Every structure is written in structure tokens, then in C-alpha cells.
Amino acid sequence: MSTVTTAAATTNKLFLEETIAGLKAEPKHMHSKYFYDEAGDYIFQQIMNMEEYYLTDAEMDILANQTSALVEVVSAAGTAFDLIELGAGDATKSIHLLRALINQQFDFKYFPIDISEHVISSLEQSLPAQLPGLTMQGLNGDYFEMLQTASEISSRRKVVLFMGANIGNMNPAEARGFCAQLRDQLSKDDLLIVGFDLKKNPQQILSAYSDGGGITRSFNLNLLSRINRELEGNFDVQNFEHYATYDPETGACKSYLISLTNQTVKIGNEQIRFEENEYIFMEISQKYALTDIENLARTTGFEPVHNFYDKNKYFVDSVWKC
Ligand code: AVJ
């Protein structure tokens, strides 16, 4: 009991510090990792089911329809390994790969890593029942810390999955830093499989982040409500409006909350002042050209070995070796 309480208190302390720092910064910004509390996880499920949000279906098409080619690439350097998934979510896409690996009786252990405790505990509940024969251990926490933990538990060759366009939540410089750090923690023969959303018709991209039904709007506003719930905030979410942009030149899709009035918001003991029309930068969802992906791999010490595309070429799961 007491350890759980302490962990939650530490998490909240960081959430409070990063939130206050972000809202006192110029320009104001939030950290997209905080979108995913239980309510946020639920709204993100709705986003993935939206007509406009093509990303999930596209990557599902790859995992469901090119499973054996994926298995071949994953096992090219041997059939014994650890399969480590960064940001596993509900694993509905990776389950296709897991099932194929079990059917072929490969000697692997699955380590899903996620910053959401709720996500990891539900995976530990649901996956063993869906996939008899699966050996798994969920790890809840920071990607790099948990990758280190997985290395202490097992020292086999690693196949790391970082799918779902999660890398899009980093700007290009952050993505380079992230891949370089990942490369440092991996060794020869290890593999990294990264999911990228590709540059495409700008209107199609914008619609995925600016849906008519207002689901993405509530996903963003939920972070303000979460601050109210967990950090003693008093945001009036009616006073903020969701605004998304996509720049086809840079591939940056960004979302903002715009303050509709001059207002002061209290968070714990802090007061945050908003001018009318002032924005909070909420999230980047970076889109990539194939050359950007190849450059990212090579400048961070990887060698791209294969690209898996969905049938529309909206999305790519890019396989890199060390
Ligand atoms: C979970 C980061 C892949 O950027 O497409 C979806 C999050 N935000 N709609 C994305 C998100 C708004 C999503 N990722």
C-alpha cells in the first residue's frame, strides 16, 4: 500500500512541476505525455476509431497483412530474443506479430513498456488469456529506464518496437536525440522497428487532428480537466478552444488550446494569467518523408533494412539494424 501511495505522489509532483513550468514559459506549453490518464486513454481509443484518424487502420493493415514478412525480418539474426515494445498501448497491432511468433515457437519474451500504469496492468490482465504460451513482463515507467530494467532481467538479442507514430510526438531534433540514446542502449544484431506517419495530402492530415465530432478537442481539453482533478486547478474548459495546424513544408502538425478571454487560472497555490487569444502549445505530431526517415536512421547510428507500407502508403513501419 505505502509504496503505491509514494509512487503516485512522486508522479503528481513531477506533473505539477512540469505543468507550472510549461504554463509560466513563453510561449505556454504542455507535455503531451500527460494526456494519458484513464479518461485520456479512453478518449484516445475513440480517436483511433474515428473515420478521420487513418493512422491506426494503416498500421493495422501492415501488422495484420504482412505478418510473415515481419516475422522473417525480426528473426533474421536468430529465433531467440526479447521483444520490447515502447508505448505498447493496448497492443492490438503487435498482437498479430506476437501470435505469429508463438505459433512458430520462437524463444522470446515480450516486455511491453508504457508510462501509463493503467495500460500495463490491463495488458497483464488481457494478453496471457488471448495468447496462450506467451511469456511476458510489463514494465511501467520511463522508456529508457525500463529498457535498462529489461536488460538487467534478460541479456538476449533485443527487438525493439516503437510503433503507432509515437515518435511523431517529438520534434525532429528531439527525435534525433531519442534515436541516438536508443542506439547507445542497443548492440550489434539488435533491431528497432519504428512507425512513422508519412507526409501526404495536407487536408487529410489536418482532418485527422481536427475532427468534426470534436473528439480531438475533448482529448486536449481533458488535460485541463486532469489538472483540475489532480492538481487542484480551476480551469473553465469552456474558455478554451482547440486549434490544429499542419505545415506541409516542415511536416509539423501541431495542436493548441486558445484562451477565449482574459482570465486567471489557479493551479494549487499558483496563478496563471491568460490573455485573450493567447495559445497553449499542446502537441506536435510530426510527419515524415522517406528521405527524412532514412536520414534519421543514419545520423543516429542505425542502418535501415526494410520498410513495410500499408496498402495506401499512408504509413511506414521502418526496420533498422544496429
Ligand atoms: C499517439 C502520438 C501517435 O500524434 O497521432 C492523436 C496522438 N493526438 N490525436 C498522434 C494524437 C491527437 C497520436 N500519437
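Visitor: Where does E232 lie?
Guide: This is a predicted model, where local features need pLDDT of at least 70, side-chain atom pairs count only at pLDDT 80 or more, and totals for chains, interfaces and linings use all residues. Residues are numbered from 1 along each chain as its sequence is written. Helices (H or I, at least four residues) and strands (E, at least two) are DSSP runs, numbered from the N terminus. On that numbering, E232 lies in the loop between helix 10 and strand 7 (240-247).

Visitor: Is E232 buried or partly exposed?
Guide: A residue is buried if 20 or more other C-beta atoms (placed from the backbone) lie within 10 Å of its own, exposed if 12 or fewer, and partly exposed in between. E232 isn't a glycine, yet its phi is positive, about 55 degrees. Its C-beta neighbours inside 10 Å number 13, so E232 counts as partly exposed.

Visitor: And A165, buried or exposed?
Guide: A165 also has a positive phi without being a glycine, near 60 degrees. You'll find A165 in the loop between strand 5 and helix 8 (172-184). Inside 10 Å there are 22 C-beta neighbours, so A165 counts as buried.

Visitor: Which helix and which strand each supply at least two residues of the shell around the ligand?
Guide: A165 is one of the residues around the ligand, along with others including N166, F219 and E283; being near here means a C-beta atom, placed from the backbone, within 6 Å of the molecule. By class, the shell has five nonpolar, six polar and one charged residues, with Ala, Val, Leu, Ile, Met, Phe, Trp, Tyr, Cys and Pro counted as nonpolar, Asp, Glu, Lys and Arg as charged, and the others, Gly among them, as polar. The two elements to click on are helix 10 (215-231) and strand 11 (279-286).

Visitor: Which residue in strand 11 stands opposite A252?
Guide: Strand 8 (residues 252-259) runs antiparallel to strand 11, joined by seven bridges. Strand 1 (residues 28-29) runs parallel to strand 11, with two bridges, and there H29 faces F281. Back on strand 11, the residue opposite A252 is Q286.

Visitor: Which strands stand at the edges of the seven-strand sheet?
Guide: The sheet is open, with mixed pairing, in the order 4-3-2-5-6-13-12; strands pair if DSSP finds at least two bridges between them. Inside that order, strand 5 (residues 158-162) and strand 6 run parallel with four bridges, and L161 stands opposite I193. Each edge strand has a single partner, so one side of each is left without a neighbour in the sheet: these are strand 4 (139-140) and strand 12 (303-309).
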